[in-house]
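Good morning, colleagues. Please look at the sequence and the model as they come up, and I shall then take you through a few of their features.

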Amino acid sequence: MADVSEALIVIDIQNDFCPGGALAVAGGDEIIPRVNALMQEYPVTVLTQDWHPEEHSSFAAMHEGATPFSTIELPYGPQTLWPVHCVWGTEGAAFHPALTVDPADLILRKGFRPAIDSYSAFFENDHSTPTGLAGYLRERGITDLTFVGLALDFCVAWSAIDAAKLGFNARVLQGACRAIDLNGSLAGARDAMRAAGVVLAE
């Protein structure tokens with residue numbers, strides 16, 4: 001059993017990120033049994049949920065002539081454009097049915113502001129607008145965070161890096177994650193996590 005100062009952060013295990021979904025991560029559903037088991041070991045579990053309005057600025061469909069997985073400049077910096085995914089209230093935005101959600105202490109929704117995307121569980125993609133998760137964890141006395149979920153090279157990595165920057169001890173269980181690996185994004189994410197002090201484990 002994990003110490004009372006530890007929390008498990010489960011990132012975006014939703015239908016649209018699993019096989020058959022609008023932005024499927026290969027093997028995304030394979031990690032669910034391990035994640036369910038891990039939830040029984042931690043005193044605090046947080047689930048994050050990508051939660052977009054229909055006209056979100058990160059959707060390629062919102063930009064004339066743009067194609068999914070291309071990059072544009074938005075006011076807060078470069079933004080990868082995605083297929084329409086995780087639109088709030090849709091089946092695609094729902095947690096995968098095999099994921100055990102009842103043990104969650106908190107479900108944090110992110111990406112609901114139309115003009116800005118949100119990979120990290122801690123900040124919008126401007127790196128300054130907080131989600132409130134850090135305050136919640138600190139008030140619970142949490143110092144050590146373990147991250148699992150989807151996708152390793154985007155939302156998991158950004159969350160873990162922000163956690164380390166905020167002073168938490170951050171660890172990523174790579175075997176309980178799956179990656180998109182877009183144009184070398186997986187290797188880049190691993191390098192960035194190590195540089196931030198995130199512990200990469202299996």
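Which residues does serine 5 touch, not counting residues up to four places away in sequence? They are Gly141, Ile142, Thr143 and Asp144, where contact means heavy atoms within 4.5 Å.

Before I continue, a word on provenance: this is a predicted model, in which local features need pLDDT of at least 70 and side-chain atom pairs count only at pLDDT 80 or more, while totals for chains, interfaces and linings use all residues. Residues are numbered from 1 along each chain as its sequence is written, and side-chain values use heavy atoms, with hydrogens and water left out.

Serine 5 lies in the segment before β1. Its relative accessible area is 17%, so it is buried; buried means under 20% relative accessible area, exposed over 50%, and partly exposed in between, with a 1.4 Å probe and protein chains only.

Let us move on to strand β1, residues 6-11. Five of its six residues are buried, and therefore the strand is largely enclosed by the rest of the structure. Helices (H or I, at least four residues) and strands (E, at least two) are DSSP runs, numbered from the N terminus. Strands β1 and β6, the latter spanning residues 144-150, run parallel and are joined by six bridges; two strands pair if DSSP finds at least two bridges between them. Within β6, phenylalanine 147 is opposite isoleucine 9. Five bridges, also in the parallel sense, link β1 with β2, residues 44-50. There, isoleucine 9 has valine 46 as its bridge partner.

From β1 the chain passes through helix α1, residues 32-39, to β2 in a right-handed β-α-β crossover: with the strands pointing away from the viewer, the path from the first strand over the helix to the second runs clockwise. The buried residues of α1 include Ile32, Val35 and Leu38. Viewed along the axis of α1, the buried residues fall within an arc of 160°, so they line one face of the helix; the arc is that of the directions from the helix axis to the C-beta atoms. These buried residues pack against β1, β2, β6 and β7.

Finally, where does the largest share of the lining of the largest pocket come from? Helix α3 supplies that share, with five residues.

Thank you for your attention.
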